[in-house]
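Reader: Could you walk me through this one, a bit at a time? I'd like the conventions and cut-offs as we go.

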Amino acid sequence: MPAIHSPLPGTFYRSASPDKPPYKTDGDTVAVGDVIGLIEVMKSFHEVKSEVAGTGLKFVTDNEEPVMAGAILAELS
Amino acid sequence: MLNKLLVANRGEIAVRIIRAARDLGIATVAVYSDADATALHVQLADEAVNIGPPAAKKSYLNIPAILKAAADTGCDSIHPGYGFLAENAGFSDAVTAAGLIFVGPSGDAIRLMGDKVAARSAAHAAGVPIVPGSLGRVDGIDAARHILIDTGFPVMIKAAAGGGGRGIRIANSLPEFEQAFPQAEAEALAAFGDGGLYMEKVITKARHIEVQILADGADAIHCFERECSLQRRRQKVWEEAPSRALTPRLRDELCSSAVRLARAVNYSGAGTVEYLYDEDADRFYFIEMNTRIQVEHPVTEMITGIDLVAEMLCIAGGEPLRIRQSDVTVKGHAIEVRLNAEDPARDFAPFPGTVDSLRIPGGPGVRFDSMLYPGYTVPPFYDSLLAKLIVHAETREAAITRMARALSELQIDGLKTTKPLFQALAADATVQAGDFHTRWLEGWLETHASRLTPSLEP
């Protein structure tokens with residue numbers, strides 16, 4: 001099953017700011033290069049871009065959850 | 001005297017506060033998040049309490065969890081450090097309301113100095129020079145034209161309801177101003193529902209100079225100035241004391257003005273009054289007062305021999321100031337650099353990771369304030385400060401030479417740090433001449449950043 005991994009350790013956010021809608025929601029189709037969330041590392045924010053394409057997106061990491069580098073953020077069917 | 005102190009912080013400042021408390025025979029309680037269970041401050045404190053998950057707002061910013069930890073361990077006092085809750089007036093109030101001592105000023109003093117307009121008015125009332133401009137809202141364009149006599153050009157027009165850089169316009173001439181003012185008024189009304197405007201002189205080239213204050217609520221003294229003009233994105237990276245830009249007369253005026261402000265607001269604890277110094281015009285202006293211990297406090301400690309954190313603890317314990325103004329003297333020159341977990345060759349990208357091996361500089365005039373140890377993993381959830389390297393020598397020139405020597409001894413394997421930046425700065429002719437202002441470093445980085453790779457270790 002293809003998966004989207006966190007490139008960095010830090011805190012995962014699913015939207016650009018608390019008052020913005022999430023970049024992607026479960027069930028979405030994802031293209032290579034699509035932004036699916038942000039990782040906050042030491043107070044700086046980095047976009048997480050998908051390196052795989054697919055359908056049936058399913059997030060396995062919650063918003064504001066701490067992650068290690070390489071952790072699976074979401075899976076595609 | 002305090003009996004048992006909870007340190008509501010992490011990293012190097014938590015370690016620094018625990019050390020000062022232990023030197024005074026005060027028992028210490030560390031608090032930590034799930035990400036900091038192995039942190040040095042947890043190891044060094046007498047006791048440690050887990051206060052929640054890694055995210056700061058669920059742990060180090062969680063006031064109920066911190067107050068509960070203090071109650072459960074029988075603490076009589078809380079030191080907030082810097083950052084996190086240090087300048088949160090509600091936290092100071094909550095600590096006091098819980099029957100504990102807050103090591104810092106009252107909530108009211110924090111609130112006053114945290115409100116930019118109120119702080120500016122308080123400074124003005126205490127006879128502290130402020131950046132020329134309106135004292136409050138500008139009452140129409142006629143009043144605005146009158147204020148131009150004081151500010152000159154360029155002048156900043158700022159929406160009273162704006163913030164974070166929004167609603168700001170700069171006018172470089174009278175025609176520009178005549179056009180910009182009504183536009184700014186209409187924009188502010190549309191964007192914020194409030195057409196109120198402030199005006200302030202734009203100081204394009206200035207040094208950042210700040211005065212260290214100690215006060216006990218009745219009396220206040222200064223511990224001279226620090227210069228922090230080397231900044232990147234408004235973050236100080238290299239701080240020193242004394243400032244080479246000040247004449248004895250100006251130093252006296254600057255430091256006296258800071259004492260006047262601290263007295264005027266019945267300040268208690270350690271604080272810093274920050275100024276811009278316009279060297280060409282030979283004038284200084286109040287910017288703000290920070291109501292906490294600052295990151296760069298060690299440079300003041302090195303030139304005066306005063307332990308500022310210990311003095312904070314004594315003042316909080318109810319003692320009057322132990323030091324008289326006439327006892328505070330300056331000896332030599334001190335410089336501090338901030339070693340951050342960032343890669344200066346890659347636009348200072350954050351670089352959390354594990355410290356493989358560590359060689360800490362030492363010898364005469366060298367101090368290393370840090371939470372690092374071999375095998376420590378720097379978590380990605382907090383700011384990137386790893387260590388402060390502070391040197392002291394008889395002269396500024398000798399201090400820079402000593403800084404270069406200490407940096408060459410320092411070895412942090414496993415992480416990228418800002419050490420190459422400071423090696424390059426210590427070798428730079430402009431830095432050696434002390435001929436810089438707050439915008440200098442960013443310009444220098446544009447041409448030098450790509451070359452900031454680690455040099456070979458001796």
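Reader: Let's begin with B:R367; where is its place?

Author: B:R367 sits in strand β19 (residues 366–370) of chain B, where helices (H or I, at least four residues) and strands (E, at least two) are DSSP runs numbered from the N terminus. This is a predicted model, in which local features need pLDDT of at least 70 and side-chain atom pairs count only at pLDDT 80 or more, while totals for chains, interfaces and linings use all residues. Residues are numbered from 1 along each chain as its sequence is written, chains are lettered from A and ligands numbered from 1 in the order in which they are written, and side-chain values use heavy atoms, with hydrogens and water left out.

Reader: Thanks. Is B:R367 buried or exposed?

Author: B:R367 is buried, its relative accessible area being 18%; buried means under 20% relative accessible area, exposed over 50%, and partly exposed in between, with a 1.4 Å probe and protein chains only.

Reader: Which side chains does the side chain of B:R367 make a polar contact with?

Author: The side chain of B:R367 is joined to that of B:E301 by a polar contact of 2.9 Å, and it makes another with the side chain of B:D369, also listed at 2.9 Å. A polar contact is a pair of N or O atoms within 3.5 Å; within protein, one must be able to donate a hydrogen and the other to accept it, and residues adjacent in sequence count only if both atoms are side-chain atoms. Leaving aside residues up to four places away in sequence, B:R367 touches several residues, including B:H297, B:P298, B:E301 and B:M302, where contact means heavy atoms within 4.5 Å.

Reader: And helix α10, how many of its residues are buried?

Author: In helix α10 (residues 297–304) of chain B, 8 of the 8 residues are buried, so the helix is largely enclosed by the rest of the structure. Among them are B:H297 and B:E301, and α10(B) is followed by B:G305, whose phi is positive, near 75 degrees.

Reader: Switching to α3(B), which residues are buried there?

Author: In helix α3 (residues 63–72) of chain B, the buried residues are B:A65, B:I66, B:L67, B:A69 and B:A70, and their cover includes β1 (4–7), β2 (27–33), β3 (47–52), β4 (77–79) and α4 of chain B. At the start of α3(B), a side-chain oxygen of B:N62 comes to within 3.2 Å of the backbone nitrogen of B:A65, and the helix is followed by B:G74, with a positive phi near 70 degrees.

Reader: Now the interface: how many residues of chain B are in contact with chain A?

Author: There are 14 residues of chain B in contact with 11 residues of chain A. The area buried between the two chains is about 950 Å², of which carbon and sulfur atoms give 70%; buried area is the accessible area (1.4 Å probe) that two parts lose on being put together, summed over both. B:P350, B:P380 and B:F381 supply 50% of the area that chain B buries against chain A, more than any other three residues.

Reader: How many salt bridges does the rule find across the interface of chain B and chain A?

Author: The rule finds 1 salt bridge across that interface, a salt bridge being a side-chain nitrogen of Lys or Arg within 4 Å of a carboxyl oxygen of Asp or Glu. B:K57 forms a salt bridge with A:E64, and the closest N and O atoms are 3.4 Å apart.
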